[in-house]
Amino acid sequence: MQRTAPGNSGPQAGRSARWAALAAVALAIVLAGRFLAEAQPGGGRGNEPTPFGATEPNDSPAPAHPTDQGPIGGKFYNQEPFDELRLKDGEVARIVPLKPNQIPENPKPNTLITIRVPNDEQEYTVAWGQIERHLTFPELILEKAEDFIARENYDEAFDYYQYLRKIYPRLKGLEESMQRWLFQEATTWHRKGNHAQVLAMLRELYTRNAEYPNLASGMASATDKLMTAEIADDNYAAARKLLANLSTCFPEHATAVSWKNKLTSQAGEKLAASQEHLKEGRLHEAREVATEAVRIWPLAEAVRFLEEAQQQSP
């Protein structure tokens, strides 16, 4: 299925309501690893720390990793929030979300961070230097969204972005991620030959970042192909709307200037022919050709001439 950005028409236009709800969306690729942590003093061996995942004196094993509770309703974000630690040796563990004061400013590699895993009251410590990346739940949602984008599953990614925008609107990198998403989806539609969808994605991207790399050339290319098709169908009004959209965004772009010159030139030629008809007394022909000139491009002179021709025509 196809989605259309707000204010654009095209295939599956009914989904534009979802775009209206979309204020923005994003991504963040994150890294991580494995716990080399130790139990807090008093965990069963006096003041001697117990390594995370080791067997306690009562032979009750500490969990090697937290319980992987599945999401509700099939969406990753529909589950109890958790943080994730990924260590430098490649293993990953879920933990109860850390509070801001649990991570000191400018921690050293040997700084111990106190953590807990879900469904376990035992506290553990992990050396900061062992951590490749600490990921919060919102960052993990972003990671999932980016995975959908990489697989070109844009409808699924949309749901994740919409959730993030609603629940975590200040998430770092959200806006930048949405911009990358819009451009990549436009690239996909370009490859499939759907230039209307390309333009819809890029026009939305323009509202967020008019200086995004290759945005101008992408919009110009899509506009050029769409205008060519509209004119082939003798739909000059639609072609002029497309040109107006491009000119509003990038008025000096070569494609915008070229198309305007081409259409105004054609209209001018029709106007000259209409004026010649009028001089020869062919009022009906003058009116018809003047109408054609205005249909191609509403030159002020052509509009005035058409009004005069209509007044003189019986």
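A residue is called buried when its relative accessible area is under 20%. With that term in hand, one may read the structure above, which is a predicted model. The protein has 314 residues, of which 42% count as buried. Its fold is described by ten helices and six strands. Among contacts in the protein with a separation of 6 or more, 60% are between residues 24 or more positions apart.

The mean pLDDT of the protein is 81, and 75% of its residues reach 70 or more. Over residues 4–69, however, the pLDDT is below 50, although this stretch has 189 contacts in the model beyond near neighbours in sequence.

Helix H5 is mostly covered, since ten of its 14 residues are buried. These buried residues are His195, Gln197, Val198, Leu199, Ala200, Met201, Leu202, Glu204, Leu205 and Arg208.

One partner of H5 is helix H6, residues 215–232. The two helices pack at an angle of about 145°, and their axes are 9 Å apart. The crossing of H5 past H6 is left-handed. On the H5 side, the contact is made by His195, Ala196, Val198, Leu199, Leu202, Arg203, Leu205 and Tyr206. On the H6 side, the residues taking part are Leu215, Gly218, Met219, Ala222, Thr223, Lys225 and Leu226.

Helix H7, residues 236–249, also has 14 residues. It reaches 20 Å from its first C-alpha to its last, close to the 20 Å expected at 1.5 Å a residue. The buried residues in H7 are Tyr236, Ala238, Ala239, Leu242, Leu243, Asn245, Leu246 and Cys249. They pack against H5, H6, helix H8 (254–279) and helix H9 (283–296).

Attention now turns to helix H4, which spans residues 174–192. This helix has 19 residues and reaches 27 Å between its first and last C-alpha atoms, close to the 27 Å expected at 1.5 Å a residue. Buried in H4 are Leu174, Ser177, Met178, Gln179, Trp181, Leu182, Glu185, Ala186, Thr188 and Trp189. Just after H4, Gly193 takes a positive phi of about 80°.

Glu152 lies in the loop between H2 and helix H3 (154–167). Its relative accessibility is 33%, and it therefore counts as partly exposed. Along the chain Glu152 and Glu185 are 33 residues apart, yet their C-alpha atoms are separated by 7.4 Å. Not counting residues up to four places away in sequence, Glu152 touches Thr188 and Arg191.

Charged side chains form a further theme. Side chains of opposite charge can pair when their charged atoms come close. The structure holds 13 salt bridges. In one of them, the side chains of Arg86 and Glu143 meet at 2.6 Å, N to O. This pair links distant parts of the chain, with Arg86 in strand E2 (residues 83–87) and Glu143 in helix H2 (residues 137–150), 57 residues apart. Both Arg86 and Glu143 are buried.

A second salt bridge joins Glu175 to Arg208, with the closest N and O atoms 3.4 Å apart. It too links distant parts of the chain, as Glu175 belongs to helix H4 and Arg208 to helix H5, 33 residues apart. Glu175 has a relative accessible area of 26%, so it is classed as partly exposed, whereas Arg208 is among the buried residues of H5. Salt bridges can also share partners, and in this way Lys75, Glu156 and Asp159 are joined into one network.

A further salt bridge connects Arg116 and Glu121, whose closest N and O atoms are 3.7 Å apart. How exposed are its two residues? Arg116 has a relative accessible area of 27% and is therefore partly exposed. Glu121, at 67% relative accessibility, counts as exposed.

Definitions and conventions
Residues are numbered from 1 along each chain as its sequence is written. Side-chain values use heavy atoms; hydrogens and water are left out. pLDDT is the predictor's confidence in each residue, from 0 to 100. Contact means heavy atoms within 4.5 Å. Buried means under 20% relative accessible area, exposed over 50%, partly exposed in between (1.4 Å probe, protein chains only). Helices (H or I, at least four residues) and strands (E, at least two) are DSSP runs, numbered from the N terminus. The expected span of a helix is 1.5 Å times one less than its number of residues. A salt bridge is a side-chain nitrogen of Lys or Arg within 4 Å of a carboxyl oxygen of Asp or Glu. Axes are lines fitted to C-alpha atoms, for helices over the stretch in contact, and angles run from 0 to 180 degrees between N-to-C directions. A crossing is left-handed if the near helix is turned anticlockwise from the far one by less than a right angle, and right-handed if clockwise.
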